[in-house]
Amino acid sequence: MIAIPKLTSLKGRAQIAAMKSDLRNLVTLEETYFAQHLQYAIDLGGAYTASAGNPMPTITLTGDGWTATLTSVSTGQTCAVFMGSTPASPATKEGAPACTESGSVTVTQ
C-alpha cells in the first residue's frame, strides 16, 4: 500500500519535469524561428513536438514576445513560460518555465 502513493508521486514529478523540458525546448525553437523570420510563430509545425503524454502548449503572441501554457489533466499542473514583457502565470522570469497545481504554490525551474 505504501508503494502505490510513492509510484504515483514519482510519475507526477516525471510528468512535470517533461512539461518543463517541453517548454524549454519551445523557447529554443521560438528564438531560432525569430532569428530566421524576425517574428515569433504560434505554430511551429513539425519542428516542435511535445513529450508523450503531454498536450501541445497554447502559444499566444504578445506585443514584444510570446507566452505558452501547458496543462496536464493527469497531474493537475499548469506550466507556463514567456519571452518579452508579458508574464504568463505561474511563470515570473522570462524564459524560465514554472508550474503550479490548482490551489498550491508555484514551482519554478
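What pLDDT does the protein average, and what share of the residues score at least 70? The average is 88, and 85% of the residues score at least 70. pLDDT is the predictor's confidence in each residue, from 0 to 100.

This is a predicted model: local features need pLDDT of at least 70, side-chain atom pairs count only at pLDDT 80 or more, and totals for chains, interfaces and linings use all residues. Residues are numbered from 1 along each chain as its sequence is written, and side-chain values use heavy atoms, with hydrogens and water left out.

**Overall layout**

The protein has one helix and five strands. Along the sequence they follow the pattern α-β-β-β-β-β. Helices (H or I, at least four residues) and strands (E, at least two) are DSSP runs, numbered from the N terminus. Over residues 105–109, pLDDT stays under 50. The model has 15 contacts beyond four places in sequence for that stretch. Contact means heavy atoms within 4.5 Å.

The accessible surface comes to about 6,400 Å², and 59% of it belongs to carbon and sulfur atoms. Such areas come from the Shrake-Rupley method with a 1.4 Å probe; for residues, only the protein chains shown count as cover. Of the 109 residues, 36% count as buried. Buried means under 20% relative accessible area, exposed over 50%, and partly exposed in between (1.4 Å probe, protein chains only).

**The hairpin**

Strands E1 (residues 58–62) and E2 (residues 65–72) pair in the antiparallel sense over five bridges. Pairing requires at least two bridges found by DSSP between the strands. The two form a hairpin with two residues between them. Thr62 has Gly65, in E2, as its bridge partner.

**Core and aromatic residues**

The largest nonpolar core has 17 residues; Leu23, Leu26, Trp66, Ala68 and Val81 touch the most other members. H1, E2 and strand E3 (77–83) each supply at least two residues of this core. The largest share, five residues, comes from H1. Apart from it lies another core of five residues, including Ala80, Phe82, Ala91 and Ala98. A nonpolar core is a set of buried Ala, Val, Leu, Ile, Met, Phe, Trp, Tyr and Cys residues joined through side-chain atoms within 4.5 Å.

Trp66 is in contact with residues including Leu26, Val27, Tyr40, Ile59 and Val81, leaving aside neighbours within four places in sequence. Phe34, Tyr40 and Trp66 form one aromatic cluster. The structure holds two aromatic pairs. The Phe34 and Tyr40 rings are stacked because their centres are 4.6 Å apart and their planes at 25°. Rings of Phe, Tyr and Trp (its six-membered ring) pair if their centres lie within 6.5 Å; planes under 30 degrees apart count as stacked, over 60 as edge-to-face and the rest as tilted.

**Selected residues**

| Residue | Relative accessible area | Class |
|---|---|---|
| Asn54 | 10% | buried |
| Val27 | 12% | buried |
| Tyr40 | 17% | buried |
| Phe34 | 30% | partly exposed |

Val27 is placed in helix H1 (residues 3–37). Not counting residues up to four places away in sequence, Val27 touches Trp66, Val81, Met83 and Gly95. Asn54 lies in the loop between H1 and E1. Beyond four places in sequence, Asn54 touches Gln15, Ala18, Met19 and Asp22.
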